[in-house]
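Me: I have a model open and want to learn how to read its features. Can we go through them one at a time?

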Amino acid sequence: MKLQDNEIRDVIKCQNLKNLDHECLWHPFTQMKEYEAEDPLIIESGEGNWLIDIEGKKYLDGVSSLWVTVHGHRKKELDEALKKQIDKIAHSTLLGLSNTPALLLAEALLKIVPQNLKKVFYSDSGSTAVEIALKIAYQYFQNKPETQKKTQFVTLENAYHGDTIGSVSVGGIDLFHSVYKQLLFQSYKIKNFDLVWAENLLKEKAQEIAAVFIEPLIQGAAGMLLQPPGFLEKLRKLTQKYGVLLIVDEVATGFGRTGKMFACEHQQVQPDLMCVAKGLTGGYLPLAATLATPEIYEGFYTDYVQLKTFFHGHTYTGNPLACAVALANLEIFKKEKTIEALQPKIKLFQELLADFPNHPHIKEVRQMGLMIGVELIKDKKNNQEYELAERIGNRVILQARKKGVVIRPLGSVIVLMPPLSITEEEIHLLVKVLKESIDEVCG
């Protein structure tokens with residue numbers, strides 16, 4: 001069949017873009033030697049819960065474009081909020097000035113987060129929100145002569161809080177972090193969710209520990225690791241008992257991912273500091289926030305000459321475009337009753353995944369709301385794991401891509417984290433394609 005001139009131009013355009021991808025870009029969390037041997041998937045547009053590539057092929061967005069898309073792509077209300085704000089102003093600094101969208105969003109956020117949180121500090125990503133929480137907690141105690149020995153942090157084994165130096169220091173995934181060890185400060189690690197060990201540590205080191213840092217209920221980048229029931233609530237009580245701050249990283253778990261607006265709500269935990277990002281703008285623009293209690297805020301509230309100011313900020317802090325679309329995002333949650341509508345979808349995933357653990361190459365399925373990890377195993381009978389060189393997770397997700405579904409691996413764990421707007425029909429497709437891909441790759 002002879003191609004028309006416009007079709008030839010499209011083919012050339014696509015090939016030129018693919019060449020540019022290999023020639024110019026360095027992709028995150030990607031071994032480029034392997035990537036450049038593959039045909040790159042280049043996204044041109046999106047619609048609803050689907051991505052569309054430069055050749056017009058559609059893919060179900062099974063990971064919410066890295067856990068950020070909430071109500072789908074090209075959501076009318078979010079598009080309109082962005083367009084409306086651009087007619088006013090794109091950016092104005094929050095250093096010494098303010099802007100309307102940042103104020104309205106702060107007010108709206110404080111209505112939905114744990115009620116003890118009363119102050120909002122904006123930034124632009126989950127990592128920076130974590131850095132801010134670390135620095136606030138550290139300086140809060142440095143601002144008082146009697147607590148200046150409180151400089152240490154406690155976190156969970158296999159923690160992931162971002163990729164900047166402070167956030168890596170309270171991380172614990174060697175695959176990502178071991179190469180940077182000489183750049184990092186040390187932190188204590190709670191292993192196997194051992195609360196007895198944690199209490200002994202807090203009791204012994206209460207005068208040295210500033211804060212405990214935790215991803216509530218589920219550790220996302222560690223492979224969707226679930227915490228024991230009541231762990232978060234008990235840990236909160238321990239931090240209060242020994243005068244240590246609790247910082248919760250809701251970057252991945254916030255905005256409906258676990259079945260409630262924030263994971264803390266499952267156990268009625270009120271932290272001292274909370275980090276949010278990812279779903280804050282519905283997947284439209286980079287925006288993050290670190291929320292604090294009045295007590296922490298007042299620890300910095302004094303005459304300038306005492307130099308207790310929190311000397312931290314970002315150029316795009318409180319960006320009006322991002323704040324305007326985030327405000328519209330929160331309005332959709334209310335208007336469409338997103339959290340309520342999520343419950344039957346969570347149940348459907350549970351039902352469709354119920355038989356997965358019986359698969360010879362599936363070790364475990366872990367689910368919290370719409371955060372799902374399917375861990376693969378080479379030989380279940382002999383507990384033999386896949387070797388790193390086998391790249392099993394990557395092979396499975398590439399097979400799924402051939403079937404029109406985009407998902408991502410965390411080693412041998414396949415992650416499903418679709419937009420909250422995913423339909424029942426799309427849930428069936430996502431699970432079906434995952435099962436087929438595992439069968440075809442694992443044998």
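Reply: Start with a definition. A polar contact is a pair of N or O atoms within 3.5 Å; within protein, one must be able to donate a hydrogen and the other to accept it. Keep in mind that this is a predicted model.

Me: Then with which side chain does the side chain of S187 make a polar contact?
Reply: With that of K189, at 2.6 Å. The S187 side chain also reaches a backbone atom: the oxygen of S169, at 3.0 Å.

Me: Where is S187 found?
Reply: In the loop between α8 (174-177) and β6 (188-190).

Me: Is S187 buried or exposed?
Reply: The cut-off for buried is under 20% relative accessible area. S187 has 13%, so it is buried. Setting aside neighbours within four places in sequence, its contacts are F153, T155, S169 and V170.

Me: Give me another loop residue with side-chain contacts to the backbone.
Reply: Take N99, in the loop between α4 and α5 (100-112). Its side chain reaches the backbone nitrogen of A102 at 2.9 Å. It also reaches the backbone oxygen of G318 at 2.9 Å.

Me: Which residues are in contact with N99, leaving aside its neighbours within four places in sequence?
Reply: S92, L94, G318 and P320. N99 has a relative accessible area of 8%, so it counts as buried.

Me: Now sheets. How do strands pair?
Reply: Strands of a sheet pair through backbone hydrogen bonds, either parallel or antiparallel. Here, four strands form an open sheet in the order β1-β2-β3-β15, with mixed pairing.

Me: In which sense do β2 and β3 pair, and over how many bridges?
Reply: Antiparallel, over three bridges. β2 covers residues 50-53 and β3 covers residues 58-61.

Me: Where can I look at a hairpin?
Reply: Go to β13 (residues 362-368) and β14 (residues 371-376). They pair in the antiparallel sense over six bridges. V365 stands opposite V374 in β14. The hairpin has two residues between the strands, and G369 takes a positive phi near 65 degrees there.

Me: Which residue other than glycine has a positive phi near 75 degrees?
Reply: L217. It sits in the loop between β7 (209-214) and β8 (218-219). Its relative accessible area is 7%, so L217 is buried.

Me: And L307: where does it lie?
Reply: In the loop between α11 (294-298) and α12. L307 has a positive phi of about 55 degrees, although it is not a glycine. Exposed means over 50% relative accessible area. L307 is at 52%, so it counts as exposed.

Me: On to helix pairs. At what angle do α14 and α15 pack?
Reply: About 125 degrees, with the axes 9 Å apart; α14 covers residues 392-402. That angle makes α14 oblique to α15. The crossing is right-handed.

Me: Which residues of α14 and α15 meet?
Reply: From α14, I392, R395, V396, Q399 and A400. From α15, V433, L434, S437, I438, E440, V441 and C442.

Me: At what angle do α4 and α12 cross?
Reply: Roughly 150 degrees, and their axes come within 9 Å. Angles over 145 degrees count as roughly antiparallel. So α4 is roughly antiparallel to α12. This crossing is right-handed. The α4 side of the contact is E77, L78, A81, L82, Q85 and I86. The α12 side is P320, L321, A324, V325, A328, N329, I332 and K335.

Me: Finally, how far apart are M261 and F333 in sequence and in space?
Reply: They are 72 residues apart in sequence and 9.2 Å apart in space, C-alpha to C-alpha. M261 lies in the loop between β10 (245-249) and β11 (273-276). At 12% relative accessibility, M261 is buried. Beyond four places in sequence, the residues in contact with M261 are I112, T253, G254, F255, G256, F333 and I339.

Terms used. Residues numbered from 1 in each chain as written. Predicted model: local features only at pLDDT ≥ 70, side-chain atom pairs only at ≥ 80, totals over all residues. Heavy atoms only, no water. Pairing = 2+ DSSP bridges. Buried < 20%, exposed > 50% of the residue type's maximum accessible area, 1.4 Å probe, protein only. Contact = heavy atoms within 4.5 Å. Axes fitted to C-alpha atoms, helices over the stretch in contact; angles between N-to-C directions. Parallel < 35°, antiparallel > 145°, perpendicular 65-115°, else oblique. Left-handed = near helix turned anticlockwise from the far one by under 90°.
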